[in-house]
Amino acid sequence: MEKNEELLGQERMLRVRFGWSAGPYLGKFLTELRDNGKLWVVRCPGCKRVLMPPRIVCATCYTRVPEFPEGWFSLSGKGRLSDWERVIYPQMDPETGQIRPEPYLHGVFILDEGVTFAHYLGPEDLDEKKLREGMKVEMVMKAPEDREGKLTDIKFFRIMEA
Ligand SMILES: [Zn+2]
């Protein structure tokens, strides 16, 4: 091959469809989010950590976690803003392969029950300059007919104070 020789490339879009079962733990979590707009968590009987989403075995102490509803409780959906970032680089949506519109705000929240959670911060016209650490936030759900049983059924978290 000659130096500086241009290599030819070909673009091909693979279409690989697959489905997987969310199982009784994540499945219940996503169903409750979709149908009732609630975040359900479970406290690990071993190390007492709150698991969100609930899982069959605690990743820290490997204790078996009871199935819904034993030890499960729903969160208020409210908390405080811990951190945020303006995402300005193009990112692909892993579900659609499409590039997500940017920029957008992404936040990290400490929910009232002590759980750390990250999601979009909205609405779109939210003035980033007014954001302060510790501001009260609340979860805003999509309309029931638009929910799909995914974390994106949460539209965004909004600031509760001016
Ligand atoms: Zn544990």
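A charge sits over a ring if NZ of Lys or CZ of Arg is within 6 Å of the ring centre and within 35 degrees of the ring normal. The exercises below use a predicted model.

**Exercise 1.** Which ring does the charged end of K28 sit over?

Solution. The charged end of K28 lies 4.1 Å from the centre of the F68 ring. K28 therefore sits over F68.

**Exercise 2.** Classify the pair of W40 and F68 as stacked, tilted or edge-to-face.

Solution. Step 1: aromatic rings pair if their centres lie within 6.5 Å, and six aromatic pairs are counted by this rule. Step 2: the ring centres of W40 and F68 are 5.1 Å apart, and their planes stand at 80°. Step 3: planes over 60 degrees apart count as edge-to-face, so W40 and F68 form an edge-to-face pair. Step 4: W40 belongs to strand β1 (residues 40-43), whereas F68 lies in the loop between β2 (50-51) and β3 (72-74), so the pair links parts of the chain 28 residues apart.

**Exercise 3.** Decide whether W40 and F68 are buried or partly exposed.

Solution. Buried means under 20% relative accessible area. W40 has 17%, so W40 is buried. F68 has 30% relative accessibility and counts as partly exposed.

**Exercise 4.** Describe the pair of F109 and F157.

Solution. Step 1: the centres are 4.4 Å apart, with 20° between the planes, and the pair is stacked. Step 2: F109 is in strand β5 (residues 104-111) and F157 in strand β8 (residues 154-159), 48 residues apart. Step 3: both F109 and F157 are buried.

**Exercise 5.** Which residues do ring pairs link into a cluster with W40?

Solution. Ring pairs join W40 with Y25, F68 and W72.

Key. Residues are numbered from 1 along each chain as its sequence is written. This is a predicted model: local features need pLDDT of at least 70, side-chain atom pairs count only at pLDDT 80 or more; totals for chains, interfaces and linings use all residues. Side-chain values use heavy atoms; hydrogens and water are left out. Rings of Phe, Tyr and Trp (its six-membered ring) pair if their centres lie within 6.5 Å; planes under 30 degrees apart count as stacked, over 60 as edge-to-face and the rest as tilted. Helices (H or I, at least four residues) and strands (E, at least two) are DSSP runs, numbered from the N terminus. Buried means under 20% relative accessible area, exposed over 50%, partly exposed in between (1.4 Å probe, protein chains only).
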